[in-house]
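Let's take a look at how this one is put together.

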Amino acid sequence: MSGVKTEVTHASIDICTRCQLKCVSCSTSKGIIRNGIIKEGAMSFDMFKSILDNNQEIKEVELSNWGEIFLNPEILKILEYAYNNEVFLTCSNGSNFNSVKDDVLEGLVKYKFKCLNLSIDGATQETYEQYRKCGNLANVISNIKRLNFFKAQYTSPFPKVSWQFIIFGHNEHEIGRVKELCSEL
C-alpha cells in the first residue's frame, strides 16, 4: 500500500530498566539487562518529552517492561507532561509497587494515569517473598491504601488497578485471601 500513511497512536517506552527486587525468574534480576543490548537505567524527562514532542500522534504510552517504573526519579514530571499533552499512560506489564513516593501516588490520580497492573504473588509476606525476593508486602499494601486515599480525595476512578497473582505451588492456598484483599483494596 504505497503512499498510505498509518498513524501510530500507541507506544511502549520503558522509562526504567532497574528494579530493586530479585524475582526468581525475571530477566532483569538475572542480569540480562546489564549484560545485554538493553542497558540498565532510567529515561530522563527530557528524553520522554522529546519523544512525545516529535511524535504528536501518540496518544497512549505503556511505561513498563523490563524494570520498575517507580524507580525513575523523574516519573512525576513524566506523568504531568503526558497529562498536559493529553497522552494516556499505562503500566500494564506490571509494577512491584514496593517503593513509590507519596507525591507520585497523588500524581497517578491527579494526572489520570489510566491503568496500573500490580504484581503481587502472595497474601502474606512469607509467601510473597518466595518469588518477589527482597519485596515487602506491607509496603505494597500501604501504597495501595494511600493510592486509594488520593482516588477518594480527587473522586477519581484513575488509575484502574489490577492485581496480578501468578499461581505457584507455594501460593495457591492463598487464592481465597487474595480475592478478599482485592475486594477490600
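## The nonpolar core

The largest nonpolar core counts 43 residues, and F48, L89 and F97 have the most contacts inside it. A core here is a set of buried Ala, Val, Leu, Ile, Met, Phe, Trp, Tyr and Cys residues joined through side-chain atoms within 4.5 Å. At least two core residues each come from α2 (45–54), α3 (75–84), β3 (88–95), α4 (102–110), β4, α6 (137–153) and α7 (175–184), with α6 giving the most, six residues.

This is a predicted model: local features need pLDDT of at least 70, side-chain atom pairs count only at pLDDT 80 or more, and totals for chains, interfaces and linings use all residues. Residues are numbered from 1 along each chain as its sequence is written, and side-chain values use heavy atoms, leaving out hydrogens and water.

Skipping residues up to four places away in sequence, F48 touches I13, I15, M43, V61, L63, I78, A82 and L89 (contact means heavy atoms within 4.5 Å).

The α2 and α3 axes come within 9 Å and cross at roughly 20°, so the two helices are roughly parallel (angles under 35 degrees). On the α2 side, F45, F48, K49, L52 and D53 make the contact, meeting K77, I78, Y81 and A82 of α3.

## S119

S119 sits in strand β4 (residues 115–119). With 6% relative accessibility, S119 counts as buried (under 20% relative accessible area, 1.4 Å probe, protein chains only). Beyond its neighbours within four places in sequence, S119 is in contact with G94, S95, N96, Y128, R132 and Q164.

Technical notes. Helices (H or I, at least four residues) and strands (E, at least two) are DSSP runs, numbered from the N terminus. Buried means under 20% relative accessible area, exposed over 50%, partly exposed in between (1.4 Å probe, protein chains only). Axes are lines fitted to C-alpha atoms, for helices over the stretch in contact, and angles run from 0 to 180 degrees between N-to-C directions. Angles under 35 degrees count as roughly parallel, over 145 as roughly antiparallel, 65 to 115 as roughly perpendicular and the rest as oblique.
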